[in-house]
Structures are given as structure tokens and as C-alpha cells.
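Please look through the sequence and the model below before reading on. The briefing that follows goes through a few topics in turn, so that each can be checked against the picture.

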Amino acid sequence: PVGAGGCGMMPRPDSEAAWVAWLRAAGHDARTTIPDEHVDGMIRVSRVGGERQGPILESVEMLFEVWHSSPLAASTLAHTINARVEDAENGTLIGASTKVYKVAATGPVEFPDDNSALARYQFTASCIARRV
């Protein structure tokens, strides 16, 4: 397949879509956007950094955010999501076309969101993503 710009490279791994799929496979309603109406249990996955390592490899830095009206419930959900992310061992297929390696996550922390009345907890995770 030809990548963007016709350069002949395979498309990059879609790490956001892959992590969303990994969380959804465990029953979590993760997404890459925040709905207009903020609801308990919202989970957003965003790529916040990284770089291309080769034609099909990237190092990626991901941000995982959760919201809930109860700070305890937000913290508990963030820890549950954190454990699910860390369950992705070397070579785990987390999406239809993305395997991950060297997954390392920080612990969830409270990070208030000025745009929401809900409590927000978040953490980051780094990994190597490989398109398959």
C-alpha cells in the first residue's frame, strides 16, 4: 500500500483506533472524542507524541482520560483502564492491524477539567506500535 503523499511507505499504525479497540474488547466505551454531553464513565484515548521508527514501526505516547461525577469512581475506572493497557504484552494485537511492544504506563492522577463538572483522572502510556 502507498502511504500519504504517494511516498510508497505503508500507512502508519493507527494507535488511537487500536487502543480504542483494545479497551472496547474489554467492554469499555472508549473513543477519541468527548461527547457534547459529558457522562459518567467517559473514556478518551489520544495520541500525544511519538515518532516514526521505520516503514511500519512507531514509538507512540498515548493519553488516556476518564471522567465521572464521583472522584472515587473516576479514579477506580482510570486504574481499571490502566491495568487493561498494561495487559498488552509484547506482540499483542490490540487492533485489526496494530501490534504493540514495550508498553509502559504511568499511574493515573487526578487532573481537573475546567470544561466539565465531572472529575477527571488520566495517565500516559508509551509503546512501540507495529502495523501488521
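## How the strands are paired

In this predicted model, Arg31 stands opposite Arg44, a residue of strand 2. That position belongs to a pairing between strand 1 (residues 30-31) and strand 2, which is parallel in sense and rests on two bridges.

**Strand 2 and strand 3**

- Strand 2 and strand 3 run antiparallel and are joined by nine bridges, and within this pairing Gly50 stands opposite Val60 of strand 3.
- The two strands, strand 2 and strand 3, form a hairpin, with four residues lying between them.

**Helix 2**

- Helix 2 covers residues 71-86, which makes 16 residues, and from its first C-alpha to its last it reaches 22 Å, close to the 22 Å expected at 1.5 Å a residue.
- The buried residues of helix 2 are Ala74, Ser75, Leu77, Ala78, Ile81, Asn82, Arg84 and Val85.
- As a general point, an α-helix has 3.6 residues a turn, so residues three or four places apart point the same way.
- The partners against which the buried residues of helix 2 pack are helix 1 (15-24), strand 2 (43-52), strand 3 (57-68), strand 5 (98-105) and strand 7 (119-131).

**The largest nonpolar core**

- The largest nonpolar core has 26 residues, and those that touch the most other members are Trp19, Leu23, Val45, Phe64, Ile81 and Val85.
- At least two residues of this core come from each of helix 1, strand 2, strand 3, helix 2 and strand 7, and strand 7 gives the largest share, with six residues.
- Which residues is Phe64 in contact with, leaving aside its neighbours within four places in sequence? Phe64 is in contact with Trp19, Leu23, Arg44, Val45, Ile81, Val85, Tyr121, Gln122, Phe123 and Ala125.

**Gly107, a loop residue**

- Gly107 is placed in the loop between strand 5 and strand 6 (109-110).
- When residues up to four places away in sequence are not counted, Gly107 touches Asn82, Gln122 and Phe123.
- Gly107 and Ala18 are 89 residues apart along the chain, and their C-alpha atoms are separated by 21 Å.

Methods: Residues are numbered from 1 along each chain as its sequence is written. This is a predicted model: local features need pLDDT of at least 70, side-chain atom pairs count only at pLDDT 80 or more; totals for chains, interfaces and linings use all residues. Side-chain values use heavy atoms; hydrogens and water are left out. The expected span of a helix is 1.5 Å times one less than its number of residues. Buried means under 20% relative accessible area, exposed over 50%, partly exposed in between (1.4 Å probe, protein chains only). Contact means heavy atoms within 4.5 Å. Two strands pair if DSSP finds at least two bridges between them. A nonpolar core is a set of buried Ala, Val, Leu, Ile, Met, Phe, Trp, Tyr and Cys residues joined through side-chain atoms within 4.5 Å.
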